Amino acid sequence: KCKNLWSVSFICCQASTGIFVLIIFYILIDVMNAWSGLPFKWLGSNSIIIYTGSEIFGGYFPWSFSYGDKDHYKLLLSNLIGISIWISFAGYLFK
């Protein structure tokens with residue numbers, strides 16, 4: 001029998017981690033004005049365009065590329081390149 005990953009303790013731990021990250025962002029962005037919130041502001045301002053574009057163009061070359069073996073390193077590299085392009089595009093649209 002497989003162990004259930006989504007136990008109550010796991011859910012509470014993940015929820016508290018998410019709340020902690022939100023608290024840190026709130027303090028940095030709203031209270032201390034230490035960070036402007038970029039690139040999240042760019043992505044939030046153009047969220048529908050970014051979502052629609054990633055659904056339509058997600059399998060094409062600049063956002064995704066094919067490679068031989070399904071290695072975690074290659075998948076990570078492909079996804080980091082893709083998200084970097086989308087963040088750059090959102091920054092361009094924000095101006």
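Begin by selecting the side chain of C13, whose sulfur lies 8.8 Å from the closest cysteine sulfur, in C12, which is too far for a bond; bear in mind throughout that this is a predicted model. C13 itself is partly exposed, with a relative accessible area of 42%. The structure as a whole holds zero disulfides, and C12 accordingly takes part in none, the nearest cysteine sulfur being that of C13 at 8.8 Å.

Next, select I19, F20, V21, I23, I24, F25, Y26, I27, L28, V31, M32 and F40, and display their surface. These residues form a nonpolar patch on the surface, and together they have about 1,100 Å² of accessible area. Helix α1, residues 8-31, supplies the largest share of this patch, with 10 residues.

Within that selection, center the view on M32, a member of the patch that is found in the loop between α1 and α2, the latter being residues 40-45. M32 is exposed, because its relative accessible area of 53% is over the 50% cut-off.

Is the last stop, S78, buried or exposed? Select S78 in helix α4, which covers residues 72-94: S78 counts as buried, because its relative accessibility of 4% is under the 20% limit.

How values were computed. Residues numbered from 1 in each chain as written. Predicted model: local features only at pLDDT ≥ 70, side-chain atom pairs only at ≥ 80, totals over all residues. Heavy atoms only, no water. Patch = residues over 30% accessible without salt bridge, like charges linked within 9 Å, V, L, I, M, F, W, Y side chains within 5 Å. Areas by Shrake-Rupley, 256 points an atom, 1.4 Å probe, with all protein chains shown as cover. Salt bridge = Lys/Arg side-chain N within 4 Å of Asp/Glu carboxyl O. Helix = DSSP H or I, 4+ residues; strand = E, 2+ residues; numbered from the N terminus. Buried < 20%, exposed > 50% of the residue type's maximum accessible area, 1.4 Å probe, protein only. Disulfide = S-S within 2.5 Å.
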